[in-house]
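Hi,

Here is the structure I promised to pass on.

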Amino acid sequence: MIKLKDFTEKKEKICVIGLGYVGLPLAVLFSTKYDVIGFDISSTRISEIKKGYDRTGEVEAEKLLSSPIYFTSNPEAITRARIIIITVPTPVDEHNKPDLSHMKAATSTAAQYLNNNTVVVYESTVYPGATEEVCVPILEQES
């Protein structure tokens, strides 16, 4: 069972996967109270963030440089998290069909590093049922 106290006492970690215009500010906000891992597949993005540069312009350099977040592109760090929040883009094509490839890839990565009783949260704009129909089967098959 997850206990908030374990997070506030920093015995448990939160991992934010995808450090774009949604994930990075979310990770920074969570890090004011909790122990956070910020994961992105782009090592260039991680390097920029560690230097205080956010190309999306969502988070100021001072906040990034003073943040206690463990920023990494190494997916093995995900194993240390009890809550995983996936914040990846879900763009639509010219026919308004969503491209779920980023969400599928992030789910697959997370699934490979899940522990028992880990909670996975999706913070991406998708159609109703997408999480259950698309992501849950990936989590079940690959974890």
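This is a predicted model: local features need pLDDT of at least 70, side-chain atom pairs count only at pLDDT 80 or more; totals for chains, interfaces and linings use all residues.

Thr56 sits in the loop between H3 and H4 (helices, H or I with at least four residues, and strands, E with at least two, are DSSP runs numbered from the N terminus). Thr56 has a relative accessible area of 32%, so it counts as partly exposed; buried means under 20%, exposed over 50% and partly exposed in between, with a 1.4 Å probe and protein chains only. Leaving out residues up to four places away in sequence, Thr56 touches Gly20, Tyr21 and Arg45, where contact means heavy atoms within 4.5 Å.

Residues are numbered from 1 along each chain as its sequence is written, and side-chain values use heavy atoms, with hydrogens and water left out.

Back to that neighbourhood. Arg45, one of the residues touched by Thr56, belongs to helix H3 (residues 43-50). Arg45 is buried because its relative accessible area is 5%. Besides Thr56, its contacts beyond four places in sequence include Leu19, Gly20, Leu24, Asp40, Tyr53 and Asp54.

Val59 is in the loop between H3 and helix H4 (61-66). With a relative accessibility of 9%, Val59 is buried. Val59 touches Leu24, Pro25, Val28, Asp54 and Leu64, again not counting residues up to four places away in sequence. Its C-alpha atom and that of Ile49, ten residues apart along the chain, are separated by 9.5 Å.

Now the charges. Side chains of opposite charge can pair when their charged atoms come close. How many salt bridges does the structure hold? There are five, each being a side-chain nitrogen of Lys or Arg within 4 Å of a carboxyl oxygen of Asp or Glu.

- Arg82 and Glu12 pair at 3.1 Å, N to O. This links distant parts of the chain, 70 residues apart: Arg82 is in strand E4 (residues 81-86), and Glu12 is in the loop between H1 and strand E1 (13-17). Both Arg82 and Glu12 are buried.
- Asp35 pairs with Lys13, with the closest N and O atoms 2.6 Å apart. Asp35 is in strand E2 (residues 35-39) and Lys13 in strand E1, so parts 22 residues apart in sequence are tied together. Asp35 is partly exposed, at 21% relative accessibility.
- Lys63 and Glu60 meet at 3.7 Å, N to O. Lys63 is partly exposed at 47%, and Glu60 is partly exposed at 38%.

On to helix packing. The axes of H5 (residues 101-112) and H6 (residues 130-142) come within 8 Å and cross at roughly 35°; axes are lines fitted to C-alpha atoms, for helices over the stretch in contact, and angles run from 0 to 180 degrees between N-to-C directions. Residues making the contact include Met103, Thr107 and Ala111 of H5, and Val134, Ile138 and Leu139 of H6.

Last, Ile2, which lies in the segment before helix H1 (4-8). Ile2 is partly exposed, at 31% relative accessible area.

Cheers
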